[in-house]
Amino acid sequence: MSYWWLIFGMMAITFVLRYSLFAWPDLSFPPLVRQGLHYVPTAVLTAIVVPGMLLPDGEHWALNLSNAYLLAGLATIAIAALTRHLLATIGGGLLVFFLLRWMMGQLPV
């Protein structure tokens, strides 16, 4: 039963935060808060992606050359830095990842 209270609480907090922007349209944030909000997408994406690259099984660190997740992630970062093109980054990263998995014999057939 406590899970339902947790879900309801998260739902209520999310609703109040998002509704507040519609309820008070003239609400403006101080410049320091606005500047900090620019870093939120990068921080969230990093928090989601980096554990998958460094802990592919979810338990053990894999900082070696047989970790296709880490190598493909680094290649994707390089592609993004060089091209600054979202589609090229996604396609190139996926291509590198699957080629690495294929070359390492890690693809389930």
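Visitor: Is Arg-84 buried or exposed?
Guide: This is a predicted model, in which local features need pLDDT of at least 70, side-chain atom pairs count only at pLDDT 80 or more, and totals for chains, interfaces and linings use all residues. Residues are numbered from 1 along each chain as its sequence is written, and side-chain values use heavy atoms, with hydrogens and water left out. Buried means under 20% relative accessible area, exposed over 50%, and partly exposed in between, with a 1.4 Å probe and protein chains only. The relative accessible area of Arg-84 is 74%, so Arg-84 is exposed.

Visitor: Where does Arg-84 sit, and what is its phi near?
Guide: Helices are DSSP runs of H or I with at least four residues, strands are runs of E with at least two, and both are numbered from the N terminus. Arg-84 is placed in the loop between α4 and α5 (86-103). Most residues other than glycine have a negative phi. Arg-84, a residue other than glycine, has a positive phi, near 55°.

Visitor: Which residues does Ala-68 contact, leaving aside its neighbours within four places in sequence?
Guide: Ala-68 belongs to helix α4, and its relative accessibility of 1% is why Ala-68 counts as buried. Taking contact as heavy atoms within 4.5 Å, and setting aside neighbours within four places in sequence, the partners of Ala-68 are Phe-97, Leu-100, Arg-101, Met-104 and Gln-106.

Visitor: At what angle do the axes of helix α3 and helix α4 cross?
Guide: Axes are lines fitted to C-alpha atoms, for helices over the stretch in contact, and angles run from 0 to 180 degrees between N-to-C directions. The axes of α3 (residues 40-54) and α4 (residues 68-83) come within 7 Å, and they cross at roughly 135°.

Visitor: Which class does that angle give α3 relative to α4?
Guide: Angles under 35 degrees count as roughly parallel, over 145 as roughly antiparallel, 65 to 115 as roughly perpendicular, and the rest as oblique. The contact itself is made by Gly-52, Met-53 and Leu-54 of α3 together with Tyr-69, Leu-70, Gly-73 and Leu-74 of α4. By its crossing angle of roughly 135°, α3 is therefore oblique to α4.

Visitor: Which residues does His-60 contact, leaving aside its neighbours within four places in sequence?
Guide: His-60 is found in the loop between α3 and α4, and its C-alpha atom is 33 Å from that of Met-11, a residue 49 places away in sequence. With neighbours within four places left aside, His-60 is in contact with Leu-54 and Leu-55.

Visitor: How far apart in space are Ala-12 and Met-53?
Guide: Ala-12 has its place in helix α1 (residues 2-23), where its 29% relative accessibility makes it count as partly exposed. Ala-12 and Met-53 are 41 residues apart in sequence, and their C-alpha atoms are separated in space by 33 Å.

Visitor: What is the radius of gyration of the protein chain?
Guide: The protein chain has 5 helices and 0 strands, and 14% of its 109 residues count as buried. The radius of gyration is taken over C-alpha atoms, and the globule rule is 2.2 Å times the number of residues to the power 0.38. That rule gives 13 Å for 109 residues, and the chain is more spread out than a compact globule because its radius of gyration is well over this, at 20 Å.
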